[in-house]
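Hi,

Here is the structure I promised to pass along.

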Amino acid sequence: MKAYSYHMLGQLQQALPYYREYLKLNLKDPKAYIELGAILLEMGQVSEALEYFEKASYMEPTNKEYLSYIAECHIASKKYDSAIATYQTIEKYYSTDIQNYFNLSYVYRKINKKHLSKRYLKKVRQQLKTKY
């Protein structure tokens, strides 16, 4: 697929029209929405990227990757409460996900809630003891 090839080569502007054309023909392909959203996010078009991530997440509401992208957009827009809510949604479905704990810790640290940040770092340490 040309869109993906251009994306991987870092030629984001060239990839955009191919993804958009593909989506016109394949409205139910969440992965294409994610790829297009990722390009837009890389280009700094956060609100448009968020729209594509939300469309993908609507199709697969428990997909961790899709939800993580949504949270990234919220962080980029400094909507930290929305990012936290999204990461907490991930936590409901993936209660032992170490990366999600790091992400929650990071956002709490950004908004100066160090006690909550530390709580999630503690969960990381606990997971490391049980998993490895």
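Y4 counts as partly exposed, at 42% relative accessibility (buried means under 20% relative accessible area, exposed over 50%, partly exposed in between, with a 1.4 Å probe and protein chains only). Y4 lies in helix 1, residues 2-8 (helices are DSSP runs of H or I, at least four residues, numbered from the N terminus). Together with M1 and M8, Y4 makes a nonpolar surface patch of about 340 Å².

A word on the source: this is a predicted model, so local features need pLDDT of at least 70 and side-chain atom pairs count only at pLDDT 80 or more, while totals for chains, interfaces and linings use all residues. Residues are numbered from 1 along each chain as its sequence is written, and side-chain values use heavy atoms, with hydrogens and water left out.

Now to helix 5. Among the buried residues of helix 5 are Y66, L67, I70 and C73. The buried residues of this helix pack against helix 3 (30-42), helix 4 (46-59), helix 6 (80-93) and helix 7 (98-110). At the start of helix 5, a side-chain oxygen of N63 comes to within 2.9 Å of the backbone nitrogen of E65. Just after the helix, K78 has a positive phi of about 60°.

Finally, N100 in helix 7 is buried, with a relative accessible area of 1%. Leaving aside residues up to four places away in sequence, N100 touches Y87, I90 and E91 (contact means heavy atoms within 4.5 Å).

Best wishes

Terms used. Helix = DSSP H or I, 4+ residues; strand = E, 2+ residues; numbered from the N terminus. Polar contact = N/O pair within 3.5 Å; in protein donor to acceptor, adjacent residues only side chain to side chain. Patch = residues over 30% accessible without salt bridge, like charges linked within 9 Å, V, L, I, M, F, W, Y side chains within 5 Å. Areas by Shrake-Rupley, 256 points an atom, 1.4 Å probe, with all protein chains shown as cover. Salt bridge = Lys/Arg side-chain N within 4 Å of Asp/Glu carboxyl O.
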